[in-house]
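Visitor: I am new to this structure and would like a close look at a single part of it, the place where the two chains come together. Could you take me through that part slowly and then set it in its surroundings?

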There are 2 protein chains.
Amino acid sequence: MSANQIKVFCPATIANISCGFDVLGVALDSVGDQMIVRKTLEKGIRITKLEGQDLPMKTLQNVAGVAGLALLKESDYQGGFDIEIYKKIKAGSGIGSSAASSTGAVWAMNELLGKPFSALQLVKFAMEGELLASGVAHADNVAPALFGGFTLVRSYDPLDVVTIPSPSELFATVIHPQIEVKTSDSRKILKTTISLKDAIKQWGNVGGLVAGLFTSDYKLIGRSLEDHIVEPIRSILIPGFDDVKKAAIEAGALGCGISGSGPSIFAFSKGEVKAKKVAAAMQEIYQEIGIDYDVHVSGINMDGVRKI
Amino acid sequence: MSANQIKVFCPATIANISCGFDVLGVALDSVGDQMIVRKTLEKGIRITKLEGQDLPMKTLQNVAGVAGLALLKESDYQGGFDIEIYKKIKAGSGIGSSAASSTGAVWAMNELLGKPFSALQLVKFAMEGELLASGVAHADNVAPALFGGFTLVRSYDPLDVVTIPSPSELFATVIHPQIEVKTSDSRKILKTTISLKDAIKQWGNVGGLVAGLFTSDYKLIGRSLEDHIVEPIRSILIPGFDDVKKAAIEAGALGCGISGSGPSIFAFSKGEVKAKKVAAAMQEIYQEIGIDYDVHVSGINMDGVRKI
């Protein structure tokens, strides 16, 4: 592989993480896309291959294309890039499919150009892909996809991303019921005002979750995985949510909630064995209901996008 | 001093800490009350001395009395206690005057009884004192007064207190303008609903502040000391607040906000020298306006209530 080409792994990500709506996210180790990015003499960006998902290949309609163009606009590089995308993450699954593509593209380009841009700049470029995908330039999938581990988007203006450690035995289970929930729709149903009382509970839990991650206090992590604001509303869009959550907790999960804007449901567990047991309990519910699903068990990805 | 008597230091505390309304608090090292608690054959609790502040001495009207009675009710101890209170913290100052008395009382009693109660039980007893003082059984002053350092009240139901480390060079400056703001009044003016947008900023900052305290990242601590919800409303009750805050930041403070429900204003700084410079800048404003004030510069108290 020459220095004109790079192949990367782009991790799937869980955003929101119960209490951390719009601010928290985490990268997964064993779920993600692959991309090959190649420098070209020709200016601009072309999606030359897109396998695994039926997504637009026109540059301006593709999140990797749009994110890449945002980078090119700030670069003095005179050439362009060809991008091949091998999707493993289903679009609309709620585990950061668009963020994987846009983050992978700009990270790979930055590597090929000799790293002229900071990580925070890359987040901003990738957020342009999120804007195309969901109508909102959010960073809670892009940040963990780029940095790895848990990330907190403390502020958007100015953009401020904080990395948070992950306990070594923390595993995620993600189940994706094969139904469609558009991010834009799941945003629309949220209330624009909330009670101060619920908000206080929420920021208490954010503080508890961050403290639990720093101290590897699995029980505190579990207690903090509560969402008094978004989950009660969004879970209505996900058939079987309450039963899946109940089954996950009964199987020993530390906590369980909606991944991103859904429909995927995530659970955290201590240890891979427990996470697999939780996966079995969750899928049993969808088998009973008769909804197709994908299920993933994964460690936490501590590196973010990486060369493979 | 016999085992029938104990003298304790009860630290002042800063609650809320900008973004952490109702959940975060921190104990001060060089500001606090002293109490002497003595076992008696006579049942019940008596406040036998109260110096430094004009406060009720009748047991049921005194926060230490009420908190102590809550403990006695759960105890199989057949005797009672006499309490002497030497107030240094002014009542109504916003730095946990009532919490110091109620926490000091129950901690001292627990020591004298051979520690039958857990720290969490002591928090609950002391909260009865807060209920008497402010009409709300809040724990955000009581928890740091008891545990020391920074504390997060993650949840009230069930009560869940998380201790958070403090960077070694963190110092607090507190200025107390001699005006009266009742905690109950300052609660009344708060809105019961808030915008989701502001709430997201707030829990982003709570996460950032907790992460900054764990990593001794003073700049992150400073950036996270924002309050988009309570400060804009409550600061109206504190004359000169905006100017004092501006002066503190210009003098090098990491951040500045309302201590508890006010009227005291706190600032955090890296190092004692900076904290003293910040104190000078803050008091200059009240000298100009012509409002009397007390000013304190203090390290963080890592022990909470302690025997002296």
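Guide: What follows is a walk through the contact between the chains, and then through the parts around it.

This is a predicted model, in which local features need pLDDT of at least 70 and side-chain atom pairs count only at pLDDT 80 or more, while totals for chains, interfaces and linings use all residues. Residues are numbered from 1 along each chain as its sequence is written, and chains are lettered from A and ligands numbered from 1 in the order in which they are written.

Where chain B meets chain A, 34 residues of chain B are in contact with 34 residues of chain A, two residues being in contact if their C-beta atoms, placed from the backbone, lie within 7 Å. The elements of chain B that give two or more residues to this side are strand 5 (150–156), strand 6 (159–164), strand 8 (193–195), helix 6 (196–215) and helix 7 (218–224); here helices (H or I, at least four residues) and strands (E, at least two) are DSSP runs, numbered from the N terminus. Helix 6 of chain B provides the largest share of the side that touches chain A, with 14 residues. Sorted by class, that side of chain B holds 17 nonpolar, 11 polar and 6 charged residues, where Ala, Val, Leu, Ile, Met, Phe, Trp, Tyr, Cys and Pro count as nonpolar, Asp, Glu, Lys and Arg as charged, and the others, Gly among them, as polar.

Strand pairing also crosses from chain to chain, for strand 8 (residues 193–195) of chain A and strand 8 of chain B pair in the antiparallel sense over 3 bridges, and two strands pair if DSSP finds at least two bridges between them. In that pairing, I194(A) has I194(B) as its bridge partner.

In chain B, the loop between strand 6 and strand 7 (170–177) holds P167(B). P167(B) counts as partly exposed because it has 17 C-beta neighbours inside 10 Å; a residue is buried if 20 or more other C-beta atoms, placed from the backbone, lie within 10 Å of its own, exposed if 12 or fewer, and partly exposed in between. Leaving aside residues up to four places away in sequence, P167(B) touches L213(B), S216(B) and Y218(B). Y218(B) is 51 residues from P167(B) along the chain, yet their C-alpha atoms are separated by 8.1 Å.

Within chain A, strand 2 (residues 24–40) has several partners. It runs antiparallel to strand 1 (residues 5–15), joined to it by 10 bridges, and I14(A) stands opposite V26(A) there. With strand 4 (residues 80–86), strand 2 of chain A pairs in the antiparallel sense over 7 bridges, among them the one between K39(A) and F81(A). With strand 5 (residues 150–156) of chain A, strand 2 again pairs in the antiparallel sense, over 3 bridges, and L24(A) stands opposite L152(A).
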